[in-house]
Amino acid sequence: MTGVLISFEGIEGCGKSTQARLLADTLRAQGHEVLAVREPGGSVLAEKIRALLLDPANTAMTPMAELLLYEAARAQLVAEIVRPALDRGMIVVCDRFYDSTTAYQGVGRGLANVDFTMLNRLATGGIVPDLTVLLDVPVETGLRRAKGDTAGDRMEREPVEFHDRVRRGFQTIAAAERERVRQLDGLRAREELAAEIAALAAEAIEFRRGPGAR
């Protein structure tokens, strides 16, 4: 594939969706062909799965059912949208990818006996992001940002202890994969963060395509 995949990760309210949008806008302004998607979702079927996953009414959903629904949504998104875009040489900016499953369902839910590497590889067809931007913020700050004046969706309503585990899960991933995952302070000014992320993206694109690539 000649395309470039850049994923954004982090706990609820870390600012990843905003930064993913800003990066996509910057890359388009530079002349790149960019596709922006989100997980779970990004396709008609995957968006229906997203609705199931985030509906607060689905309190009976088991951790294993939740895991498999996330992987199903990812498999559909990759097969239908992401891989074809990468094959066409596009830059794909993804708001969450498989690291979220490892952090949320693996560490957050405590599904320790599951081979997440195998499941993630199966759902993605072996696709690995060229760059993953992990925005780190304190849990209380993130949840306050995410929920605002609402009760939040099904994931946002989980207790602080759950989100603490998820945050540690992301930090563990970043420590283990320093070349791919770049952890940044999500409390920094939006414009300052966006500039650093754009520079990191430029490095990833140059590494994949060569200097001056469009």
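**Side-chain contacts**

C94 has a relative accessibility of 0%, so it counts as buried. Here buried means under 20% relative accessible area, exposed means over 50%, and partly exposed is in between, with a 1.4 Å probe and protein chains only.

Before going further, the ground rules. This is a predicted model, where local features need pLDDT of at least 70 and side-chain atom pairs count only at pLDDT 80 or more, while totals for chains, interfaces and linings use all residues. Residues are numbered from 1 along each chain as its sequence is written, and side-chain values use heavy atoms, with hydrogens and water left out.

Next, the rings. The structure holds three aromatic pairs. Rings of Phe, Tyr and Trp (its six-membered ring) pair if their centres lie within 6.5 Å; planes under 30 degrees apart are stacked, over 60 edge-to-face, and the rest tilted.

One of the pairs is F97 with Y98, which is tilted, at 5.4 Å centre to centre and 45 degrees between the planes. F97 is buried, with 1% relative accessible area, and Y98 is buried with 12%. Another pair is Y104 with F170, edge-to-face, with 6.1 Å between centres and 80 degrees between planes. Y104 belongs to helix 4 (residues 98-108) and F170 to helix 7 (residues 160-176), so this pair ties together parts 66 residues apart in sequence. For the record, helices (H or I, at least four residues) and strands (E, at least two) are DSSP runs numbered from the N terminus. Y104 is buried, with a relative accessible area of 3%, and F170 is buried, at 3% relative accessibility. Together with F162, Y104 and F170 form one aromatic cluster.

F97 comes up again with a charge. The charged end of R74 sits over the F97 ring, 5.9 Å from its centre. The criterion is NZ of Lys or CZ of Arg within 6 Å of the ring centre and within 35 degrees of the ring normal.

Last, salt bridges. A search of the whole structure finds 17, counting a side-chain nitrogen of Lys or Arg within 4 Å of a carboxyl oxygen of Asp or Glu.

E66 and R109 meet in one of them, at 2.9 Å, N to O. E66 is in helix 3 (residues 63-87) and R109 in the loop between helix 4 and helix 5 (116-124), 43 residues apart, and the pair links distant parts of the chain. E66 is buried, at 1% relative accessibility. A network of salt bridges links E66, R109, R154 and E158.

D99 and R180 meet in a salt bridge at 2.8 Å, N to O. D99 lies in helix 4 and R180 in the loop between helix 7 and strand 5 (181-185), so the pair ties together parts 81 residues apart in sequence. Both D99 and R180 are buried, with R180 at 7% relative accessibility. R180 also meets E177 in a salt bridge, at 3.0 Å, N to O. Is E177 buried or partly exposed? E177 is partly exposed, at 34% relative accessibility.
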